[in-house]
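Thanks for passing this one along. Here are my notes, written to be read with the model open beside you.

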Amino acid sequence: AITIGDLYGKSANNNELQSNADLLENRFTYAVQTATRLTTESSSFGVDDGVLTLVMSDASKSPTVFSLENGVVYLQQGLDPEVALTGPSVQVDYFRLTEITASKAPTQIQLDAQLSVLGVDRDAMSSRALIQLTVTLRQ
């Protein structure tokens, strides 16, 4: 039998996952689209704990760095302290970045990430959120 408490818990987990995924997607997309260029020397591509370093037109926001540390995605802009983009009840299992380049085309960054609710069976589909997106540097 499913109790009301179980249903509430699953709903709360799904809401937490979705809000974390939405925030991460929105901040990532905005930063990449408004960046002037990518700094490949200080970025890490093709690994589960990727790092993305962007140069921004606003010097106070440059560099903008996305990184994964101990299951948390952080955003640091310029000299501001880094900010966690994922909450304490969510773990990011992987944060994979791919740089896509082609002649006569703007650079694109592909993000593949998986978020899980801590303390929940990770094999349960309802306890995971997948992010798969590709964003173009517009400037």
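The points below go from the overall layout to the sheet, the core and a few individual side chains.

1. **What we are looking at.** Keep in mind that this is a predicted model. The protein chain has 1 helix and 8 strands, and reading along the sequence gives the pattern α-β-β-β-β-β-β-β-β. So much for the parts list; the rest is about how the pieces meet.

2. **Overall numbers.** Of the 139 residues in the protein chain, 37% count as buried. If you take contacts between residues at least 6 apart in sequence, 45% of them join residues at least 24 apart.

3. As a reminder, strands of a sheet pair through backbone hydrogen bonds, either parallel or antiparallel.

4. **Walking across the pairings.** Strand 1 is joined to strand 2 by 3 bridges, and leucine 38 has leucine 54 of strand 2 as its bridge partner. Going on, 4 bridges join strand 2 to strand 3; here threonine 53 stands opposite valine 65 in strand 3. Strand 3 (residues 64-69) and strand 4 (residues 72-77) are joined by 6 bridges, and phenylalanine 66 sits opposite leucine 75 in strand 4.

5. **Strand 2 deserves a look.** Why call strand 2 largely enclosed by the rest of the structure? Because 6 of the 6 residues of strand 2 (residues 51-56) are buried. Both faces are covered: on one side you find Val51, Thr53 and Val55, on the other Leu52, Leu54 and Met56, and all are buried.

6. In general, nonpolar side chains in soluble globular proteins tend to be buried together. In this model the largest nonpolar core has 30 residues, and the ones touching the most other members are Phe28, Leu52, Leu54, Phe66, Phe95 and Leu115. Helix 1 (4-34), strand 1, strand 2, strand 3, strand 4, strand 6, strand 7 (105-117) and strand 8 (128-136) each supply at least two residues of this core. Which element gives the largest share of this core? Helix 1 does, with 6 residues.

7. **Phenylalanine 66 up close.** This is one of the residues that touch the most other members of the core. Setting aside neighbours within four places in sequence, phenylalanine 66 is in contact with Arg27, Phe28, Ala31, Gly50, Val51, Leu52, Leu54, Tyr74, Leu75, Leu85 and Phe95.

8. **Serine 67, next along.** Serine 67 also lies in strand 3. Is serine 67 buried or exposed? Serine 67 is buried, because its relative accessible area is 9% and the cut-off for buried is under 20%. The side chain of serine 67 makes a polar contact with the side chain of glutamate 69, at 3.3 Å. Leaving aside neighbours within four places in sequence, serine 67 is in contact with Gly50, Val51, Val72, Val73 and Tyr74.

9. **First salt bridge.** A search of the whole structure turns up 2 salt bridges. In one, arginine 96 pairs with aspartate 48, and the closest N and O atoms are 2.6 Å apart. Arginine 96 lies in strand 6 (residues 90-102) and aspartate 48 in the loop between strand 1 and strand 2, so the pair ties together parts that are 48 residues apart in sequence. Arginine 96 is partly exposed at 32% relative accessible area, and aspartate 48 is partly exposed at 41%.

10. **The other salt bridge.** Here the side chains of aspartate 80 and lysine 61 meet, at 3.9 Å from N to O. Aspartate 80 is in the loop between strand 4 and strand 5 and lysine 61 in the loop between strand 2 and strand 3, so this pair ties together parts 19 residues apart in sequence. Aspartate 80 counts as partly exposed at 36% relative accessibility, and lysine 61 is partly exposed at 29%.

Definitions and conventions. Residues are numbered from 1 along each chain as its sequence is written. This is a predicted model: local features need pLDDT of at least 70, side-chain atom pairs count only at pLDDT 80 or more; totals for chains, interfaces and linings use all residues. Side-chain values use heavy atoms; hydrogens and water are left out. Two strands pair if DSSP finds at least two bridges between them. Buried means under 20% relative accessible area, exposed over 50%, partly exposed in between (1.4 Å probe, protein chains only). A polar contact is a pair of N or O atoms within 3.5 Å; within protein, one must be able to donate a hydrogen and the other to accept it, and residues adjacent in sequence count only if both atoms are side-chain atoms. Contact means heavy atoms within 4.5 Å. A salt bridge is a side-chain nitrogen of Lys or Arg within 4 Å of a carboxyl oxygen of Asp or Glu. A nonpolar core is a set of buried Ala, Val, Leu, Ile, Met, Phe, Trp, Tyr and Cys residues joined through side-chain atoms within 4.5 Å.
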